[in-house]
Amino acid sequence: MDIIVCMKQVPDSEAQIRVRPDGKGIVDSDIKFVMNPYDEFAVEEALKLKEKFGGSVTLICLGPQRAVDAIRTGLAMGADKAVHLDDPAFEGGDAISIAKALAAVIKGLPHDLIFCGKQAIDDDSATVGPALAEILGIPQVVLVMKVEVSEDKKSAKVNRQILGGEEVLQVPLPAVLTAQKGLNEPRYASLPGIMKAKKKEIKSMKVPDLGIGADSIGAAGARTKILHM
């Protein structure tokens, strides 16, 4: 199976957060950043399916140069390669413009299944995964707690969290699934995995590489704007 995981680098949950003087964002120069915890569940589930069916796991991350550290974490866990959307033009984007950029990359890659975390712990919008599915025109299931892919790899039975229990759905592939806590127990990166990660490919892509208009991404393509924090 060719599996894609969309991941994000976020401030560590224990970091001391300070709002910038302009009230438009946070001071990010002196805090620790990590892979979004819900994305760890997404990476782990992708790796488990790869171990069962074969194939590859590709990470896609939109963020500044520092996001390479989070990408390396996913590669050390066992992902095969990564795409890093690294361009100042992406700054100021919201969930919709980010989803458009991710979709532009994914359209050019083989994919049987796409995983995202259910939400990022910094903005908590929980919107990128569903928006990505809508743009790609494929099914989506959110808050996933269990995934069983059929032997022919054409569909999956998915348990998703609902109020007071779980809902079981049958979904054709490819589809977007957003991972919830409880889906699995993410593995720790081993020392050999960390060493191998240093040699794995991270393809850097800029806005012109996506084949979409500059007015679709970053602040220009955002449907929402932060007025004040």
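These legends describe close-up views of a predicted model. Local features need pLDDT of at least 70 and side-chain atom pairs count only at pLDDT 80 or more, while totals for chains, interfaces and linings use all residues. Residues are numbered from 1 along each chain as its sequence is written, and side-chain values use heavy atoms, with hydrogens and water left out.

View 1. The structure holds one aromatic pair. The ring centres of tyrosine 38 and phenylalanine 41 lie 6.4 Å apart with planes at 50°, so the pair is tilted. Rings of Phe, Tyr and Trp (its six-membered ring) pair if their centres lie within 6.5 Å; planes under 30 degrees apart are stacked, over 60 edge-to-face, and the rest tilted. Helices (H or I, at least four residues) and strands (E, at least two) are DSSP runs, numbered from the N terminus. Tyrosine 38 is buried at 18% relative accessible area, and phenylalanine 41 is buried at 11%. Buried means under 20% relative accessible area, exposed over 50%, and partly exposed in between (1.4 Å probe, protein chains only).

**View 2. Arginine 66 over the ring of phenylalanine 33.** The charged end of arginine 66 sits 3.7 Å from the ring centre of phenylalanine 33. A charge sits over a ring if NZ of Lys or CZ of Arg is within 6 Å of the ring centre and within 35 degrees of the ring normal.

**View 3. Helix H2 and the glycine just after it.** H2 spans residues 68-77 and is mostly covered, with seven of its ten residues buried. Among them are Val68, Ile71, Leu75 and Met77. The C-alpha atom of isoleucine 71 is 11 Å from that of lysine 198, and 127 residues separate the two along the chain. Lysine 198 lies in the loop between helix H5 (191-197) and strand S11 (202-205), and is exposed at 56% relative accessibility.

**View 4. Serine 97 in helix H3.** H3 covers residues 95-106. Serine 97 is buried, with a relative accessible area of 2%. Not counting residues up to four places away in sequence, serine 97 touches Ser216, Ile217, Gly218, Gly221 and Ala222. Contact means heavy atoms within 4.5 Å.

**View 5. Backbone at aspartate 124, leucine 143 and proline 174.** Most residues other than glycine have a negative phi, and most peptide bonds are trans. Aspartate 124 has a positive phi of about 55°. It lies in the loop between strand S6 (113-117) and helix H4 (128-136), and is partly exposed at 44%. Leucine 143 has a positive phi of about 60°. This leucine 143 lies in strand S7 (residues 140-149), and is partly exposed at 23%. A cis peptide bond, omega about 5°, joins leucine 173 and proline 174. Proline 174 is in the loop between strand S9 (165-172) and strand S10 (176-179).

**View 6. The second largest pocket.** Its lining residues are Glu40, Thr73, Met77, Glu185, Pro186, Arg187, Tyr188 and Ala189. The pocket holds about 170 Å³ of space.

Key:
1 Å grid on protein atoms, 1.4 Å probe; cavity = no way out; pocket = protein on both sides within 12 Å on 5 of 7 lines; lining within 4 Å. Points joined across faces, edges and corners; volume = space filled by probe spheres on them.
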